[in-house]
Amino acid sequence: MCKKLVCVFLSILLILSAFAFCISAADDSLSFIVASDTHFRPAPKTVPVNFPGSKYYCADKTPNLLSESYAITREFLRQAAESDAEFILICGDLTHYGHIKEHTAMAQMLSDFEQTTGKRVYVIDGNHDFFNGVSRDRFKEVYADFGYSEALEIDDKSCSYTADLGGKYRLIAIDSIKYGEGEDGITQDLLTWCDKQAAQARADGKTPIAMMHHNFLEHIRFQSKILPAFITRPELEMKMRFLDWGVRYVFTGHQHGQDVTSFTDGADRTVYDIMTTSLNSYPCLFRSATLSDSGLDLKAHKIDRVDPSLLPDGYTPELLEEMTTDFNRYAYGCFRYAFELKKDDFISEDALEGTLNRFVGEKMSAFLDPFFRSFFKNIFLPIYTPSEPGGKCLADMARGLGLTVPQTQHATVVDLLFYFVSVYYAGDENLPYYDPQIVLFMQCVYTALSETMRDVNVQTRDALAADLRAAFRDEALPFAVSAAGKLALGAVQDDRLLEMTLLLISPLIESFSMDDEVADNDVFLPAKNAQKNPVLDFLIRVINWIARAFTRIPAGLHRIFTQYPLFSR
Ligand SMILES: [Ca+2]
Ligand SMILES: [Ca+2]
Ligand SMILES: [Fe+2]
Ligand SMILES: [Fe+2]
């Protein structure tokens with residue numbers, strides 16, 4: 001009886017699916033490719049040796065694969081040429097250093113692509129594109145064929161423009177750059193220009209989509225405070241503006257991660273921030289997209305091989321083999337070396353102090369110096385094996401605090417951080433709260449803090465704890481008091497320090513290890529202001545529910561567990 005019911009239900013679903021397919025097939029749909037942060041730089045003659053003695057000796061000191069960028073861009077254009085896409089969107093940071101030679105070489109490749117394939121390319125600028133004196137006018141000149149010559153409108157004061165993409169869709173390409181800098185440069189004039197373009201699109205019966213370099217929705221919790229240079233200023237309220245402009249899909253880049261996230265307002269209108277990774281940095285992804293009335297269908301594609309004849313000289317046969325068979329693995333290896341150098345930008349005393357002060361204001365500064373000096377000495381100790389006989393390591397100290405330390409392959413906390421960043425960058429991150437790496441990370445931070453608290457005086461300790469509690473009270477506590485914390489630190493009795501550890505790292509770890517409700521790579525993003533079709537809506541909801549139930553059980557469990565408070569005060 002039960003089996004019969006399931007069969008009947010599945011048959012109905014199938015019939016409804018076919019019905020849904022017929023409806024969407026009748027749409028006026030558009031297929032295209034999206035890439036971002038190509039960070040192009042012409043290949044050197046010989047690859048430099050930046051990390052002598054290591055397997056990835058040629059890794060660049062930036063996280064971008066600069067020596068390989070020519071081969072990567074050619075591979076990307078080869079795949080785009082073979083696809084059924086009608087055009088390509090590139091969301092800024094076209095070049096790495098912004099030298100005019102980089103720009104002209106990039107434009108030449110795009111021009112060859114347009115001529116041989118008959119497909120079009122639309123670009124917008126990123127901060128790197130202006131690092132070496134190229135003016136906005138020069139940018140528009142060099143990239144004339146990639147948006148500006150076919151534009152309906154071009155903003156004189158910026159590189160923003162609009163262009164019809166085919167069918168009823170119109171692109172609003174927004175220049176979000178403060179000339180030569182990382183922060184967004186969105187001015188009142190630019191917003192007024194966008195208002196006008198949106199009104200014009202409406203008058204012409206066109207549906208606008210947008211691209212710009214900066215994110216406008218947070219892709220990790222507290223992005224506006226942790227990584228403020230990667231997102232438009234919160235006071236600009238870009239999400240509301242996009243909704244009012246009728247824009248539902250915005251393609252962004254700049255942060256070099258692969259993530260899609262959304263915002264829905266009270267009127268049930270949804271706008272998506274579709275961030276695409278850097279093409280020449282791990283995980284080296286780009287997207288194919290099909291836009292129709294019902295929504296946007298996205299698929300992720302990898303640079304998984306490059307043509308060795310397009311690479312500079314100087315690679316070992318082993319690396320050449322890796323690049324031609326599993327390029328992503330090569331990119332991951334190089335990314336690890338770059339991270340070692342870049343980590344100081346994100347996890348130095350200055351960086352952490354800056355971040356904390358953005359949360360709580362300057363008043364914490366007085367307590368931070370002695371605190372961080374001790375904390376950094378402790379957190380960068382090796383995890384499992386002391387660096388010298390009789391030396392200290394975090395696992396021994398953690399066991400001394402009564403914790404059961406899981407075994408992982410990570411030797412240092414930097415290794416763990418790199419692992420979380422790479423998981424987040426690849427998208428669709430879904431580490432369960434009991435993942436040994438998350439447990440270990442929590443324990444390492446707790447242990448280092450515990451050791452630090454022995455070094456600093458009681459006054460400093462109490463003031464810090466009070467400030468942190470006040471700073472995170474509203475947002476982080478439900479996350480902080482999590483099952484992950486209970487599992488990692490369950491044996492610990494010192495409530496105040498435990499709470500502080502959780503407050504500090506739970507939101508961070510949650511952000512980097514657990515995706516939000518919008519998947520990142522292969523995903524359908526329904527248009528939330530499309531004509532309502534009750535049957536179709538119901539069907540989509542049921543299919544989504546079934547898919548989620550099977551693929552996201554750990555995430556669901558996690559959310560359930562986070563409802564249970566660890567402390568009662
Ligand atoms: Ca997401
Ligand atoms: Ca994500
Ligand atoms: Fe970039
Ligand atoms: Fe950028």
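Me: What is the basis of the model, and which pLDDT limits apply?
Reply: This is a predicted model, in which local features need pLDDT of at least 70, side-chain atom pairs count only at pLDDT 80 or more, and totals for chains, interfaces and linings use all residues. Residues are numbered from 1 along each chain as its sequence is written, while chains are lettered from A and ligands numbered from 1 in the order in which they are written.

Me: What is the mean pLDDT of the protein, and where is the pLDDT below 50?
Reply: The pLDDT is the predictor's confidence in each residue, from 0 to 100. Its mean for the protein is 86, and 84% of the residues reach 70 or more. Among the stretches below 50 is 16–26, which has seven contacts in the model beyond near neighbours in sequence. Residues 553–569 also have pLDDT below 50, with 21 contacts beyond near neighbours in sequence. Two residues are in contact if their C-beta atoms, placed from the backbone, lie within 7 Å.

Me: How many helices and strands does the protein have?
Reply: There are 21 helices and 13 strands. Both are DSSP runs numbered from the N terminus: helices are H or I with at least four residues, and strands are E with at least two.

Me: Why is H2 called roughly parallel to H3?
Reply: The axes of H2 (residues 69–82) and H3 (residues 100–117) come within 11 Å and cross at roughly 20°. Axes are lines fitted to C-alpha atoms, for helices over the stretch in contact, and angles run from 0 to 180 degrees between N-to-C directions. Angles under 35 degrees count as roughly parallel, over 145 as roughly antiparallel, 65 to 115 as roughly perpendicular and the rest as oblique. H2 is therefore roughly parallel to H3. Thr73, Leu77 and Ala81 of H2 make the contact with Met109, Phe113, Thr116 and Thr117 of H3.

Me: What classes of residue make up the contact of H2 with H3?
Reply: The contact has four nonpolar, three polar and no charged residues. Here Ala, Val, Leu, Ile, Met, Phe, Trp, Tyr, Cys and Pro count as nonpolar, Asp, Glu, Lys and Arg as charged, and the others, Gly among them, as polar.

Me: What makes H10 and H14 roughly perpendicular?
Reply: The axes of H10 (residues 327–347) and H14 (residues 413–426) come within 10 Å and cross at roughly 110°. That angle lies in the perpendicular range, so the two helices are roughly perpendicular to each other. Tyr332, Phe335, Arg336, Phe339, Lys343 and Ile347 of H10 meet Val414, Leu417, Phe418 and Ser422 of H14. This contact has seven nonpolar, one polar and two charged residues.

Me: Why is Asp515 called buried?
Reply: A residue is buried if 20 or more other C-beta atoms lie within 10 Å of its own, exposed if 12 or fewer, and partly exposed in between, with C-beta atoms placed from the backbone. Asp515 has 22 such atoms and is therefore buried. Asp515 lies in the loop between H19 (495–513) and E13 (523–526). Not counting residues up to four places away in sequence, Asp515 touches Asp428, Glu429, Asn430 and Asp520. The C-alpha atoms of Asp515 and Leu431 are 8.9 Å apart, although 84 residues separate the two in sequence.

Me: How do you know that Val414 counts as partly exposed?
Reply: Val414 has 16 C-beta neighbours inside 10 Å, so it counts as partly exposed. Val414 belongs to H14.

Me: Which residues does a cis peptide bond join?
Reply: The cis bond joins Tyr282 and Pro283, with omega about 10°. Pro283 is found in the loop between E10 (270–275) and E11 (285–292).
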